[in-house]
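Dear colleague,

I am passing on the structure we spoke of, with the sequence alongside, and I would be glad if you read the notes below next to the coordinates.

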Amino acid sequence: KKIIGILSGLFILVLLTVVIFSLSQRQDLRQRADSTVTTQPRLVFAYYMMYMESYGTNVESYKKEIREAQNAGIDGFALSLPGWNVDPYWKQRTHDMFQAARELDTGFKLFLAPDLCCSLTSAEVVDMVKTYSSDPNYYHYNGKAMVITFVGSDKGEDFWRNGIIAPLAQSNIPILLLPYFDKQVSEWPSWWRELTDGQNYF
């Protein structure tokens, strides 16, 4: 189980490095056009599946994983969450992970990666982002809370526009949305391009 988790983390680490690198490249281009834009350092994130922990699901266990990640040159975790309200342990694990990062106080960053493969609703995604986007360890890019997803292309425009983006905007929580949609960018309908800031790839 631990080996699978490590391999999955390494695989997604490469993926997220490409995502953040692409964002930084876009930022570099914008800076050439507008000298007032402030560049941000390029960071390395690992995809952390909240159901494949290595040492346990409490604060001290997560501290150990964070220390190991930082020693390996990783700047933060994208927290993969396939559930929220139905099974309360998802909320507890997320709470403990953020607490671990705060207590360590080493600058380790976290952001949410809701897994839309299963039963997560738009209201649950909004709730988790509202709960943690203001946490001092939550990663923001140019003032926007980073949110990535796994799948969800079949949810439809209303799910994303009115179910997630609009409610968060009304709460003054702009997000940088980088979903994984199982289609090539050239196949995206126009509303995908309008609502998202890019795409992550598996």
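The expected span of a helix is 1.5 Å times one less than its number of residues. Applied to α3, which has 16 residues, this gives 22 Å, and since the end C-alpha atoms of α3 are 22 Å apart, the two values agree. Please keep in mind throughout that this is a predicted model.

As for the overall layout, the protein has six helices and six strands, and along the sequence they follow the pattern α-β-α-β-α-β-α-β-β-α-β-α. Of its 202 residues, 48% count as buried, while the protein exposes about 9800 Å², of which carbon and sulfur atoms supply 53%. Among the contacts with a separation of 6 or more, 71% are between residues 24 or more positions apart.

To return to α3, its buried residues are Trp90, Arg93, Thr94, Asp96, Met97, Phe98, Ala100, Ala101 and Leu104, and what covers them includes β1 (45-49), α2, β2, β3 and α4. After α3 comes Asp105, whose phi is positive, near 55°.

Strand β2 is largely enclosed by the rest of the structure, because six of its six residues are buried. Gly76, Ala78 and Ser80 point one way from β2, whereas Phe77, Leu79 and Leu81 point the other way. On one side of the pairing pattern, β1 and β2 run in the parallel sense over five bridges, and the chain crosses from β1 through α2 to β2 in a right-handed β-α-β crossover; within this pair, Tyr48 stands opposite Leu79 in β2. β2 also pairs with β3, again in the parallel sense, over six bridges, and the crossover that leads from β2 through α3 to β3 is right-handed. Here the bridge partner of Gly76 is Lys109 in β3.

Which residues does Phe111 touch, leaving aside its neighbours within four places in sequence? Phe111, which lies in strand β3, is in contact with Phe45, Phe77, Ala78, Leu79, Tyr138, Tyr139, Met146 and Ile148. With a relative accessible area of 1%, Phe111 is buried, because the cut-off for that class is under 20%. The C-alpha atoms of Phe111 and His140 are separated by 8.4 Å, although the two residues are 29 apart along the chain.

Two of the helices deserve a separate word. In α2 (residues 59-71) sits Ser61, which counts as buried because its relative accessibility is 9%, and which, beyond its neighbours within four places in sequence, is in contact with Tyr55 and Gly56. In α4 (residues 122-132), the buried residues are Ser122, Glu124, Val125, Val126, Met128, Val129 and Tyr132, and their cover includes β2 (76-81), α3 (89-104), β3 (109-114), β5 (144-150), α5 (157-170) and β6 (175-180).

Finally, the structure holds one disulfide, formed by Cys117 and Cys118 with their sulfur atoms 2.4 Å apart. The torsion about this S-S bond is about -75°, so the disulfide is left-handed. Are its two cysteines buried or partly exposed? Cys117, at 41% relative accessibility, counts as partly exposed, and Cys118, at 48%, counts as partly exposed too.

With best regards

Terms used
Residues numbered from 1 in each chain as written. Predicted model: local features only at pLDDT ≥ 70, side-chain atom pairs only at ≥ 80, totals over all residues. Heavy atoms only, no water. Helix = DSSP H or I, 4+ residues; strand = E, 2+ residues; numbered from the N terminus. Buried < 20%, exposed > 50% of the residue type's maximum accessible area, 1.4 Å probe, protein only. Contact = heavy atoms within 4.5 Å. Disulfide = S-S within 2.5 Å. Areas by Shrake-Rupley, 256 points an atom, 1.4 Å probe, with all protein chains shown as cover. Pairing = 2+ DSSP bridges. Right-handed = clockwise from strand over helix to strand, strands pointing away.
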